[in-house]
Amino acid sequence: MITSLPDNYSPQHRRPLKPDITFVHVRLAHFVAMGAGIGLIRFAPGTMGTLVAFPFYWFLETLVEPISLLLIIDVFFILGIWACAVTGRALGSPDHSGMVWDEIVAFMLVLFFTPDHWLWLLAAFVLFRFFDIVKPAPIGYLDSKLKGGLGVMLDDLVAAFYTLLCLAGWKSMVLFESYF
């Protein structure tokens, strides 16, 4: 039996995989990076991952003290570096759109520092999605230059920083009197 390979075949260049629910459940790294399957949602998986951060954060907030919650978010960030690196290699795409753990963890950090009022939370969500999608400097630079798990996680961390910076500016310049 003779099999032929495509003309553009190269052992170093694999075609990216399309993940499915089986892929998510094969390894812990895939499960984490794909946000327990949330990343499989075809329409705006990053936005869906950001939305998942709300109940996940609120659940953890009821269980632990604030400093412990911040440490858990730190551990989640480090876990994300490993999980996104492993999953990116398996998918053949270092920053696959289905990997949403970076959005979940970064937005949990935003929620930690955001007042618990619907207007603040809505503003935080919109700002975070804006910075994550538009990728202003240095987010775009980090996204293009840093590959692997650290790059995946770090660009969303900077988007979270920008979000918190805007919220702090809004609070200090516009809402100098407590409306909430």
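Predicted model: local features only at pLDDT ≥ 70, side-chain atom pairs only at ≥ 80, totals over all residues.
1. Leaving aside residues up to four places away in sequence, Thr50 touches Glu103, Phe107, Phe125, Phe128 and Arg129.

2. The largest nonpolar core has 46 residues, and those with the most contacts inside it include Phe107, Met108 and Phe128. Among the elements that give two or more residues to this core are H3, helix H4 (66–91), helix H5 (101–113) and helix H6 (118–134), while the largest share, 9 residues, comes from H5. Met108, again not counting residues up to four places away in sequence, touches Ala53, Phe56, Tyr57, Leu60, Ile73 and Phe76.

3. The structure holds 3 salt bridges, and Arg129, Asp132, Lys135 and Asp155 are linked in a network of such bridges. Asp132 pairs with Arg129, their closest N and O atoms being 2.7 Å apart; because the two are 3 residues apart in helix H6, about one helical turn separates them, and both are buried.

4. Asp132 also forms a salt bridge with Lys135, at 3.5 Å from N to O. Asp132 has 5% relative accessibility and therefore counts as buried, whereas Lys135, at 23%, counts as partly exposed.

5. Lys135 in turn meets Asp155 in a salt bridge of 3.1 Å, N to O. Lys135 lies in the loop between H6 and H7 and Asp155 in helix H8, so this pair ties together parts that are 20 residues apart in sequence. Asp155 counts as buried, with a relative accessibility of 1%.

Notes: Residues numbered from 1 in each chain as written. Heavy atoms only, no water. Contact = heavy atoms within 4.5 Å. Core = buried A, V, L, I, M, F, W, Y, C linked by side-chain atoms within 4.5 Å. Buried < 20%, exposed > 50% of the residue type's maximum accessible area, 1.4 Å probe, protein only. Helix = DSSP H or I, 4+ residues; strand = E, 2+ residues; numbered from the N terminus. Salt bridge = Lys/Arg side-chain N within 4 Å of Asp/Glu carboxyl O.
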